[in-house]
Amino acid sequence: MTSTEWQIARLIPTSGISGQAEAERRATSALLAVISAVKEFGIALTKPYGAPANWLQTYIEVPFDLNGGKVIPDGLLRTSRGSKTWTALVEVKTSANLLERQQIENYLDVAREQGFDAVITISNEIAYAPNVHPTSVDKRKLRTVALHHISWAEILTRAIQEQVHSGVKDPDQAWILGELI
């Protein structure tokens with residue numbers, strides 16, 4: 001057996017995924033870890049949504065109470081610069097899974113109650129126009145909390161732009177971003 005036949009060890013392995021829930025959990029964790037580790041990439045993804053340009057803290061499956069029940073968004077992003085703190089809940093769907101209106105509206109309610117800035121959804125769905133979310137929600141829920149969507153294709157595009165065109169200063173961070181790509 002030659003080294004050309006060996007499987008390269010990956011920071012973000014995709015082998016051994018046993019189901020859709022595990023695929024989403026792994027994808028969320030990997031993406032949020034890279035957002036946290038590669039400053040330029042994190043800024044490129046979140047600055048358009050109002051986040052200050054700084055390192056991001058990222059968390060997965062943060063539980064919240066809502067109307068006597070529990071809701072668990074897939075992730076949470078937080079960054080601060082000066083006196084401004086920006087926080088967003090994250091909902092992730094992989095493969096052909098579609099975003100669900102009730103789930104998004106629950107996260108919008110949690111974000112409003114917690115004083116968070118946004119809910120960001122990530123899926124393979126494509127919005128039909130810029131700044132339009134692919135899932136229709138009650139517009140009253142968007143009075144104090146922004147709702148944004150980013151497709152997996154757009155995440156890949158931004159990652160490649162940061163790595164190839166903008167450049168990642170730290171070589172280890174560039175390698176990590178390459179692993180995500």
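Select Ile35: leaving out residues up to four places away in sequence, Ile35 touches Phe41, Gly42, Leu45, Leu56, Thr58 and Leu77 (contact: heavy atoms within 4.5 Å). This is a predicted model, with local features needing pLDDT of at least 70, side-chain atom pairs pLDDT 80 or more, and totals for chains, interfaces and linings using all residues. Numbering runs from 1 along each chain as its sequence is written, and side-chain values use heavy atoms, without hydrogens and water.

Next, show the largest nonpolar core, 25 residues (buried Ala, Val, Leu, Ile, Met, Phe, Trp, Tyr and Cys joined through side-chain atoms within 4.5 Å; buried is under 20% relative accessible area, 1.4 Å probe, protein chains only). Ile35, Phe41, Leu77, Trp86, Ile120, Ile122 and Ile155 have the most contacts inside it. Two or more residues come from each of α1, α2, β5 (84–92), β6 (118–123), α4 and α5 (DSSP runs: helices H or I, at least four residues; strands E, at least two; numbered from the N terminus). Another core, of 16 residues, lies apart, including Leu66 and Tyr107.

Move to α5, residues 171–180: Gln173, Ala174, Leu177 and Glu179 are buried. They pack against α1 (20–37), α2 (39–46) and α4. At the start of α5, zoom in on Asp170: a side-chain oxygen comes within 2.8 Å of the backbone nitrogen of Asp172.

Finish at the largest pocket. Select Pro130, Asn131, Val132, His133 and His149, which lie nearest its centre among 21 lining residues. β7 (146–151) and α4 (152–166) each supply at least two lining residues; β7 gives the most, five.

Conventions
1 Å grid on protein atoms, 1.4 Å probe; cavity = no way out; pocket = protein on both sides within 12 Å on 5 of 7 lines; lining within 4 Å. Buried < 20%, exposed > 50% of the residue type's maximum accessible area, 1.4 Å probe, protein only. Polar contact = N/O pair within 3.5 Å; in protein donor to acceptor, adjacent residues only side chain to side chain.
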